[in-house]
Amino acid sequence: MSNTKIWKGNSTFILAASGSAVGLGNIWKFPYMVGSNGGSAFVIVYLICILAIGLPVMASEVLVGKFGRQSPINSLKKLTIKNQISEYWKFLGIFGALAGLLILSYYSVFAGMAFSYVFNLFPSGLENPSSYSSAYFSHLSASPLVLIFWHSLFLMITCLIVGIGVVRGIGRSVNILMPALFLFVVLLSVYSAATGDLNATLSFLFSPDFSSLTPAVILSAMGQAFFSLSIGMGAIMAYGAYMPEKQLIGKTVLMIILLDTLVALSAGIAIFPIVFSNSSLAVTAGPGLIFETLPVAFYSLPMGAFFSIIFFVLITIAALSSAISLLEPFTAWMEELLKIKRKIIVIFIGLFVWFLGIGSIFSFNIWSDLRFMNLNFLEFLDFVTNNVMLPLGGLFVAILVGWVLPRKFVKENIKLNNYSFKVFIFFLKYISTGSIFLVFLYSLL
Ligand code: TRP
């Protein structure tokens, strides 16, 4: 493995990993899930999951990648040989790399939709903006060709960046995309706090009301924490391989989860005031929240058209820096396995993902009646990846680092002080492993 694939300085790893973490999950999914799961109670459970499960599992993934310095699959292999444990652990990497491609296939469809909104402004002087907005959304959902166009465009940009390579492609683009993203998030939060109903938002997000806390809410908060932090499928493990030797895992991971959480909360602070300020709109709108509800809210605000463009550019950027991390593990693996150029590999993987994505597009229209286990194609993929593959991946990472690997090896590689190390192992071994297991079992029953 050549050293040319290491990012220089500490900031690129942080930007790439937080770029992976901050995505549609933060700006689209988090607000609507908060909205439809009762607000603050969901937020509190989510924050607990991020700290008690997300932090230790993410640190474990980084540890494996940084030790192995290869794709997740080969890093795991190297780890098993070094510690003389079963070679089968490499399947964790294969399973994750596949999960990444499955997620990417529908992620790209939604990202493409958001991208299309950058160019679709409301005409001025509408009598009823809310019917315009839902009509536009239904038109979009019912037009496979339009969706395919945006899906293809988004996926091509993703493949291009990953194809160019780790340092010049991914490294360089996150150094441009992420500062722009942070700037837009701040800008939008200030705008919406100034123009919308901030008080209602703050009490909705932060005043604890545990009456809405049900097992289903806890389950979705945990799933959301996994998805939002990009853990459970090796994306962070793949990036760990490119982390500079001297960079400290503990501090860096803390920084990444902090950034991810701040962006999710700011997205809530940016979106809800606008929704609350317009009495005809509901926070419980679900997945359509940003596509149907928000444009209407922007419409009635000063300079709304401008800020609506900024908002959708922001989502597109966030989605792009996440999409590249969904593609990277499989690409890195194929590069090692086949020893051919990345540029060629991403074309083939891209085509596979593109075809799968068409299935998700058809779920909105032509195939809307097609059901597997009572779910359409898109819902089925979403269920299998988010509710099964990611928690299982996370569970096995926690078991591997918390239970299977020799303590001494973990300690040498994670470089925490004695006290933090004890806390880390305790959480990983009992809290993370135990709670993922329980919640997972519950979700299958
Ligand atoms: N975390 C991203 C988001 O919030 C999505 C994502 C990127 C992801 N890479 C991942 C989710 C790996 C799970 C696993 O939108």
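Student: Which residues come nearest to the ligand?

Tutor: Keep in mind that this model is predicted. A residue counts as near with a heavy atom within 4 Å. The shell around the ligand has 15 residues. Those that come nearest are Ala21, Gly25, Tyr107, Phe227 and Ser230.

Student: Which residue has a polar backbone atom 2.7 Å from an oxygen atom of the ligand?

Tutor: Ala21 places a backbone N or O atom 2.9 Å from a ligand oxygen. Ser325 uses an N or O atom of its side chain, 3.2 Å from a ligand nitrogen. The 2.7 Å distance to a ligand oxygen belongs to a polar backbone atom of Gly25.

Student: What share of the ligand's accessible area does the protein cover?

Tutor: On its own, the ligand has 360 Å² of accessible area. The protein covers 100%.

Student: How many charged residues are in the shell around the ligand?

Tutor: Helices H1 (11-21), H2, H10 and H14 (304-338) each give the shell at least two residues. By class, 7 shell residues are nonpolar and 8 are polar. The number of charged residues is none.

Student: Where does the ligand sit?

Tutor: The structure holds 3 cavities of 30 Å³ or more. The ligand sits in the largest cavity.

Student: Now the open spaces. How many charged residues line the largest pocket?

Tutor: The largest pocket has about 740 Å³ of space. It is lined by 29 residues, with Lys29, Tyr32, Pro287, Asp382 and Asn386 closest to its centre. Helices H2 (24-36), H5 (90-118), H10 (215-229), H16 (377-404) and H18 (418-444) give two or more residues each. The lining has 19 nonpolar and 7 polar residues, and the charged ones number 3.

Student: Which elements give two or more residues to the lining of the second largest pocket?

Tutor: About 380 Å³ of space lies in this pocket. Its 18 lining residues include Leu55, Gly250, Leu416, Ser420 and Phe424, which lie nearest its centre. By class, the lining has 14 nonpolar, 2 polar and 2 charged residues. The elements are helix H3 (40-68), helix H12 (249-276) and H18.

Note on methods. Residues are numbered from 1 along each chain as its sequence is written. This is a predicted model: local features need pLDDT of at least 70, side-chain atom pairs count only at pLDDT 80 or more; totals for chains, interfaces and linings use all residues. Side-chain values use heavy atoms; hydrogens and water are left out. On a 1 Å grid over the protein atoms alone, a cavity is a set of points where a 1.4 Å probe fits but cannot get out, and a pocket is an open set with protein on both sides within 12 Å along at least five of seven lines; lining residues have an atom within 4 Å of a point. Grid points are joined across faces, edges and corners, and a volume is the space filled by probe spheres set on the points. Helices (H or I, at least four residues) and strands (E, at least two) are DSSP runs, numbered from the N terminus. Ala, Val, Leu, Ile, Met, Phe, Trp, Tyr, Cys and Pro count as nonpolar, Asp, Glu, Lys and Arg as charged, and the others, Gly among them, as polar. A polar contact is a pair of N or O atoms within 3.5 Å; within protein, one must be able to donate a hydrogen and the other to accept it, and residues adjacent in sequence count only if both atoms are side-chain atoms. Accessible areas come from the Shrake-Rupley method with a 1.4 Å probe; for residues, only the protein chains shown count as cover. A molecule sits in a cavity or pocket if more than half of its atoms lie within 2 Å of its grid points.
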